[in-house]
Amino acid sequence: MTELFAYTDGACSGNPGPGGWGVLLRARNGDRIVKERELSGGDALTTNNRMELMAAISALEALDRPSALTIVTDSAYVMDGITKWIHGWKRNGWTKKGGLKNVELWQRLDQAAARHKVRWEWVKGHAGHPENERADELARQGMAPFKPDRAESSGK
């Protein structure tokens, strides 16, 4: 039986600052990789939390049809938000005491996840998990076009 995994990560240079997100989508049949797809993107001025959310959103929105999948994230913010906190936010009209940051992204993630059967899994970041490390590389690639030092070094 083929299983679908999305390994997601976000990165930011400064917080806020230029940021990127990365996704490694992988279909596996047992130990055999059947199909793999890599996604990345970024923004010139963002936060790490926004990029972590965009990685998960992008993974879900990239799927053409409703699917069962496991999203693997190293973000406690995304993990706790989607599995614990979101129920209260929705019940309270997408608000929380002190204000809810990134509400539009949480709503987008909620909508994207509703199409699928999602199992959420947390892994420790930068701990040698190969797929998480690849997602981190993709996030850094997504951030690269927005970093000022890149423009200076290329003569732009």
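Hi everyone, let's start with the second largest pocket, which holds about 150 Å³ of space. Before I go on, this is a predicted model, where local features need pLDDT of at least 70, side-chain atom pairs count only at pLDDT 80 or more, and totals for chains, interfaces and linings use all residues. Residues are numbered from 1 along each chain as its sequence is written, and side-chain values use heavy atoms, with hydrogens and water left out.

A quick word on terms. On a 1 Å grid over the protein atoms alone, a pocket is an open set of points where a 1.4 Å probe fits, with protein on both sides within 12 Å along at least five of seven lines, and lining residues have an atom within 4 Å of a point. Points are joined across faces, edges and corners, and a volume is the space filled by probe spheres set on them.

So what lines the second largest pocket? Met 1, Thr 2, Glu 3, Leu 4, Phe 5, Ala 68, Leu 69, Thr 70, Lys 117 and Arg 119 do. Strands E1, E4 (68-73) and E5 (117-122) each give at least two residues to that lining, and E1 has the largest share, with four. Strands (E, at least two residues) and helices (H or I, at least four) are DSSP runs, numbered from the N terminus.

Now the largest pocket, with a volume of about 390 Å³. Its lining has 16 residues, and Leu 4, Ala 27, Lys 35, Leu 63 and Arg 65 lie nearest the centre. Strands E1 (2-12), E2 (17-29) and E3 (32-46) each supply at least two lining residues, with the largest share, four, from E3.

On to two single residues. Is Glu 131 buried or exposed? Glu 131 counts as buried because its relative accessibility is 14%; buried means under 20% relative accessible area, exposed over 50%, and partly exposed in between, with a 1.4 Å probe and protein chains only. Glu 131 sits in helix H4 (residues 130-143). Beyond four places in sequence, Glu 131 touches Tyr 7, Leu 24 and Arg 26, where contact means heavy atoms within 4.5 Å. The Glu 131 side chain also makes a polar contact with the side chain of Arg 26, at 2.8 Å. Here that term means a pair of N or O atoms within 3.5 Å, one able to donate a hydrogen and the other to accept it; residues adjacent in sequence count only if both atoms are side-chain atoms.

Last, Ala 76, in helix H2 (residues 76-91), is partly exposed at 42%. Leaving aside neighbours within four places in sequence, Ala 76 is in contact with Gly 81 and Trp 122. Thanks, everyone!
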